[in-house]
Amino acid sequence: MSETFQFTLQATDGKARLGAITMPRGTVRTPAFMPVGTAATVKALYMDQVRGTGADIILGNTYHLMLRPGAERVARLGGLHEFARWPHPILTDSGGFQVMSLSKLRKLTEQGVTFRSHVDGARYEMSPERSIEIQGLLGSDIQMQLDECVALPAPFADVERAMEMSLRWAERCKTAFGDQPGRAMFGIVQGGAEPVLRERSASALKAMDLKGYSVGGLAVGEPQHVMLEMLDVTCPVLPAEKPRYLMGVGTPDDILKSVARGIDMFDCVMPTRAGRHGLAFTRRGRVNLRNARHADDHRPLDEESDCPAARDYSRAYLHHLVRSQEALGAMLLSWNNIAYYQQLMQGIRASIWDGRFSAFAEEATGGWERGDIPPL
């Protein structure tokens, strides 16, 4: 642990990077996958289960927490770490993406955004300064700037306007954040699918000398090759001595390909959302437990897994739970999925240290392509 926020680059293999972020509440080993705890909970899991999978850090959502139960209330109750019983590092996003995507009634100006809650229609105002204030009340260790994320595809002029606005908001967020030695504020690179805008955004944020940098506005429906092309443009511009976070990504394959381009941090709702819908991630690829082929299968999801959900329960039982819509099915498959993602990240980190990341990526991809074990 460290009293200040520090990022140490420990090894590289090609563009893949092995490192560690140290801060007062703990160390985050990178590349890292952050389970998403949108409303102060990683859905369907206890926090000790999340920690037991190997997670060093989780993500909380400013938008959802400001609506329920409210940032001031969380602060009165001791902050998000105490409230959720997670004493380790927490990253909060700014709420900007949710404001743009979930709020049907909103008005965007230079000052910020005025919107109505999707929960009860109440009116709220979110400025860059208010976003940082809310994240401070929550007590998060890594805070994100407020940005404008436009839906793609969009005209070049609209993407450029949003990118420039986000840069001005980043300056205001930096001022509002001030000097907090044990915490960090990250800027967010925007620019849609326009390489020239991505480069301009990354260069301007780099000049602000922030503690970390995120790549936003990707994995929102565009083809994977577009996302990777934007990373090829963006990562070389960002400073090597600072952590790089690709927001909202993604599938295991997305993660492997993004690590290969120099990304250090990821988050995505996919593992828990898939688990709630009967889909398991494994070293043999995706397994749909809703399928009838599993109804009489006494074998586990993965006999070699360290996760009890994958190792100790039969496919037949998991199939039964899913088809019966039992809550335990969602709990076990979400546990399996978060564990698999963390096992993947551990394998990535070990392979970078050993100088065999490319070989590891080929092995993992090969396992997914071979597919699941044959049915009984």
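The legends below describe several close-up views of one predicted model.

Because the model is predicted, local features are given where pLDDT is at least 70 and side-chain atom pairs count only at pLDDT 80 or more, while totals for chains, interfaces and linings use all residues. Residues are numbered from 1 along each chain as its sequence is written, and side-chain values use heavy atoms, with hydrogens and water left out.

**View 1. An open sheet of three strands, β7-β8-β9, with antiparallel pairing.** Strands here are DSSP runs of E with at least two residues, and helices are runs of H or I with at least four, both numbered from the N terminus; two strands pair if DSSP finds at least two bridges between them. The edge strands, each pairing on one side only, are β7 (106-108) and β9 (123-126). On average, neighbouring strands of this sheet are turned by 15 degrees against each other, direction ignored, where axes are lines fitted to C-alpha atoms and angles between N-to-C directions run from 0 to 180 degrees. Strand β7 is joined to β8 (residues 113-116) by three bridges, and K107 stands opposite T114 in β8.

**View 2. The stacked rings of F115 and Y124.** Rings of Phe, Tyr and Trp (for Trp, its six-membered ring) pair if their centres lie within 6.5 Å, and planes under 30 degrees apart count as stacked, over 60 as edge-to-face and the rest as tilted. The count of aromatic pairs comes to six, and in the pair of F115 and Y124 the distance is 5.8 Å centre to centre, with 15 degrees between the planes. F115 is buried at a relative accessible area of 1%, whereas Y124 is partly exposed at 22%; buried means under 20% relative accessible area, exposed over 50%, and partly exposed in between, using a 1.4 Å probe and protein chains only. Another stacked pair is formed by Y313 and Y317, with ring centres 6.0 Å apart and planes at 15 degrees. Y313 is partly exposed at 30% relative accessibility, and Y317 is partly exposed at 34%.

**View 3. Strand β4 (residues 32-35), covered on both faces.** In a regular strand the side chains alternate between the two faces of the sheet. Here A32 and M34 lie on one side and F33 and P35 on the other, and all of them are buried. Strand β4 pairs in the parallel sense with β14 (residues 265-268) over four bridges, and the bridge partner of M34 in β14 is D267. F33 also belongs to an aromatic cluster with F281 and Y341.

**View 4. The largest nonpolar core, with 92 residues.** A nonpolar core is a set of buried Ala, Val, Leu, Ile, Met, Phe, Trp, Tyr and Cys residues joined through side-chain atoms within 4.5 Å. L246, L256, F266 and I348 touch the most other members, and helix α14 (residues 327-354) gives the largest share of this core, eleven residues. Leaving aside residues up to four places away in sequence, I348 touches P31, I255, L256, V259, F357 and F360, where contact means heavy atoms within 4.5 Å. A second, separate core of 19 residues includes F7, I21, F186 and Y245.

**View 5. Cysteines C149 and C235, neither of them in a disulfide.** A disulfide is a pair of cysteine sulfur atoms within 2.5 Å, and the count of disulfides comes to zero. For C149, the nearest cysteine sulfur is that of C268, 14 Å away, and C149 is buried with a relative accessible area of 11%. For C235, the nearest cysteine sulfur is that of C149, 17 Å away, and C235 is buried at 3% relative accessibility.
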